[in-house]
Amino acid sequence: MAEVGRAALVVSFALALYACVAGTMAALGRERRLADSARNALVACFGSTLVAAAVLATALVRHDFTFEYVASHTSRDLPTIYSLTAFWGGEEGSLLLWLLVLTGYGALAVMLNRKLLSDLIVWVVPVIGGIATFFAFMLFAVASPFNTQTRAIDGAGLVPSLQNPYMVAHPPMLYLGYVGLTIPFAFAAGAMLSGQTDERWIVATRRWTLVAWMFLGFGQILGAHWAYVEVGWGGYYAWDPVENAALMPWLAATAFLHSVMIQERKGMLKVWNMVLVAFAFNLSLFGTFLTRSGVIESIHSFAKSSIGGWFLGMVVVSTLFSVALIIWRLPLLRARTKLESPLSREAAFLYNNLLFVALTLTIFWGEIFPILTQLFEGVSRTMGRPYFDFFLRVFGLPLVLLMGIGPLIAWRRTSVHALLNTLVWPIAAALAAGIALVIAGAGSSTPGLIAYTFSAFVLATIVLEFVRGTRATGSVFQLVSRNRRRYGGYIVHAAIVLFVIGVAGSSAYQTNEYRQLRPGDSTTLDGYHLTYNGLQRIASVSESGSQTQYRALLSFSGRAHGTLATSLIDSSSLGPSHQVGIHTNWLRAEDLYVILSQRLDGNAIRFEILVKPLVNLIWIAGYVFVFGSLVALWPDAQEQRRLVARLAFARG
Amino acid sequence: MTGLIVGALVAVAAVVIVSLPFLLRSDESDELQLTTSRGEARMALVEERDRALSALKELEFDHRTGKIDDVDYRELVGPLRRAAAAALQALDAVDADRS
């Protein structure tokens with residue numbers, strides 16, 4: 001079957017290349033049939049990539065160890081669901097998933113907009129075709145998942161930590177996000193290439209951007225939850241290059257989603273929006289280069305590979321292409337209106353954009369710093385957690401504050417008097433929350449206290465917006481359905497607030513202690529009385545190697561009662577890994593989190609014990625975020641009708 | 001052997017799909033229907049009108065929800081109404097030209 005996969009990839013490459021070359025020729029020569037043919041090639045490219053993906057999925061499920069990829073990432077005893085998730089467990093499979101999502105998204109976006117935006121689509125097809133050509137080339141020439149070998153008895157298996165439900169969903173979500181950013185980029189490039197820089201590309205791609213942004217955001221939350229329950233270091237975000245690779249394009253896309261509203265309302269920031277959309281797309285490519293080139297260390301498994309150089313080349317080409325396009329079309333992109341007041345909604349969006357971009361660039365600098373020091377000093381120096389945490393506070397906290405102030409400012413301009421009037425209740429709520437928190441002992445962490453107070457302020461403004469809006473329209477249902485975008489956005493803001501509270505609570509106010517215990521020993525931490533009951537040793541041997549699991553059993557009382565278990569797994573083929581013990585105390589909104597850190601001499605165990613307040617708000621925030629995003633991106637028939645009418649009028 | 005046949009079928013299907021626009025008979029011209037520069041100007045006018053009307057709508061809503069006081073409202077509403085009227089007049093003029 002491997003030859004079917006290889007053949008399908010060669011066909012995908014040929015089709016993507018054809019879509020790029022024929023599409024460009026059709027757009028330049030204004031040839032309709034050639035343009036339709038190029039568009040069909042893009043759709044067919046999705047079909048052939050689907051065939052290649054089906055071949056790999058079948059080989060994984062059937063444990064066909066003649067495929068090198070299957071033998072490297074699965075084993076006979078691996079459950080079917082995890083055999084299937086090995087599809088994106090390795091580099092070659094994840095590249096195939098990338099191409100599949102790219103061609104799927106591309107075909108759908110092009111087919112849906114082929115009539116309404118026909119003059120843009122002729123240029124969108126070659127752009128998507130060009131990007132797909134790169135990925136198809138990588139797959140059949142550099143990192144093929146269809147390389148074969150003499151049939152092995154068993155495979156190497158999948159790293160135990162990847163055998164987790166969150167890992168089933170997290171990588172595909174990220175890919176749906178990363179790759180989704182290609183669509184707004186391709187439409188923006190199409191708009192510039194065709195010279196049609198009116199609002200249509202924005203209206204057509206707003207939902208695509210929102211979908212990509214939603215998947216990228218939710219994928220990161222799932223990844224954080226996986227790290228929390230599986231990796232076993234007590235946290236959920238380590239500023240690892242792979243994590244930052246997803247965060248940077250998400251931040252840039254967040255800035256774009258805000259600034260695009262200024263272009264729609266005022267016709268301003270056209271250049272800035274083009275820059276942001278290109279920045280977000282190129283960051284997704286750059287992140288892939290960073291994490292696969294081996295130039296920096298990462299905890300992720302496919303950190304070192306041969307494809308990094310190719311991705312760097314692609315990033316350079318894509319960035320030069322984007323910059324050249326924007327410079328070429330500058331005369332078309334100049335705004336005709338100006339900012340009327342520094343105290344207006346559009347100004348607030350602008351400040352928010354500057355903070356988002358500053359935060360993104362700070363993370364970007366943290367990522368490239370080790371490469372630059374290696375290059376110029378011969379020693380790789382990395383930016384540690386304090387660097388990232390510091391700038392997260394410097395730019396993140398004002399962003400939270402702006403999230404509250406922005407919605408209360410009117411478009412065009414607001415007087416200081418009117419603004420203060422609208423801010424009275426949120427400020428009162430924030431002050432009350434701040435005082436209550438200080439009395440409750442939250443003053444031990446200044447950043448934590450500021451984060452909580454700002455969060456109370458933002459929540460108060462969201463409630464105020466819903467109350468005032470409902471009063472003005474008559475019902476909350478009417479209010480939301482009339483402006484899903486705005487009120488969906490407020491729900492997303494509420495999700496961010498929950499997230500901020502969760503992060504502040506679980507990091508600024510967590511308790512973390514190491515304790516050495518022998519069977520029968522007890523210890524007390526933060527109101528929990530823990531007793532170590534003993535260690536179970538579970539050994540197993542399979543064709544892929546031997547594995548020993550050391551499972552420590554603990555009971556606890558005090559703030560809550562129960563038992564939990566934490567394990568250290570020693571695998572001959574995959575190395576050591578941890579399984580943490582977590583008890584969620586919903587009444588106190590905190591987690592008791594125990595890690596078996598180390599086996600010591602004489603039956604003693606070194607445990608790391610943490611009490612993490614409000615950490616579960618982070619995961620809840622993920623679902624609220626998805627709900628808000630869905631409200632905001634729900635199709636708007638009125639908007640579609642307006643676009644059709646505009647085009648009909650323009651064409652006479 | 002089966003693999004090669006399936007691979008060949010995928011390639012043939014791709015060639016057919018790509019060739020379809022050339023194989024199917026159509027009365028449509030082979031020249032792409034692109035927006036003319038006059039069309040672009042009309043598009044800009046419609047955008048201007050829609051922008052002015054939605055700005056008025058926003059202003060009303062912001063005034064009703066207390067984000068903008070009466071003084072600011074009175075100052076802002078006039079220019080916005082004039083901008084909307086100008087956009088509508090410009091569109092009417094284009095319509096008159098067409099008829």
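The contact between the two chains comes first: 40 residues of chain B are in contact with 50 residues of chain A, where contact means that the C-beta atoms of two residues, placed from the backbone, lie within 7 Å. On the chain B side, helix H1 (2–23), helix H2 (37–64) and helix H3 (70–98) each supply at least two of the residues that touch chain A. H2(B) gives the most, with 13 residues. By residue type, the side of chain B that touches chain A divides into 19 nonpolar, 7 polar and 14 charged. Here Ala, Val, Leu, Ile, Met, Phe, Trp, Tyr, Cys and Pro count as nonpolar, Asp, Glu, Lys and Arg as charged, and the others, Gly among them, as polar.

A word on the source. This is a predicted model, in which local features need pLDDT of at least 70 and side-chain atom pairs count only at pLDDT 80 or more, while totals for chains, interfaces and linings use all residues. Residues are numbered from 1 along each chain as its sequence is written, and chains are lettered from A and ligands numbered from 1 in the order in which they are written.

Now chain B by itself. Chain B has 3 helices and 0 strands, in the order α-α-α along the sequence; helices (H or I, at least four residues) and strands (E, at least two) are DSSP runs, numbered from the N terminus. The radius of gyration of chain B is 27 Å, well over the 13 Å that the globule rule gives for 99 residues, so chain B is more spread out than a compact globule. That radius is taken over C-alpha atoms, and the rule is 2.2 Å times the number of residues to the power 0.38. Along the principal axes, the C-alpha atoms of chain B fill a box of roughly 80 × 40 × 15 Å. Of the 99 residues in chain B, 23% are buried. Buried means 20 or more other C-beta atoms within 10 Å of the residue's own, exposed means 12 or fewer, and partly exposed is in between, with C-beta atoms placed from the backbone.

Next, two backbone details in chain A. Most residues other than glycine have a negative phi. Trp239(A) has a positive phi of about 55° and is found in the loop between helix H9 (200–231) and helix H10 (241–266). Trp239(A) is partly exposed, with 19 other C-beta atoms within 10 Å. Ala589(A), with a positive phi of about 50°, is found in the loop between strand E7 (581–585) and strand E8 (590–599). Ala589(A) is also partly exposed, with 15 other C-beta atoms within 10 Å.
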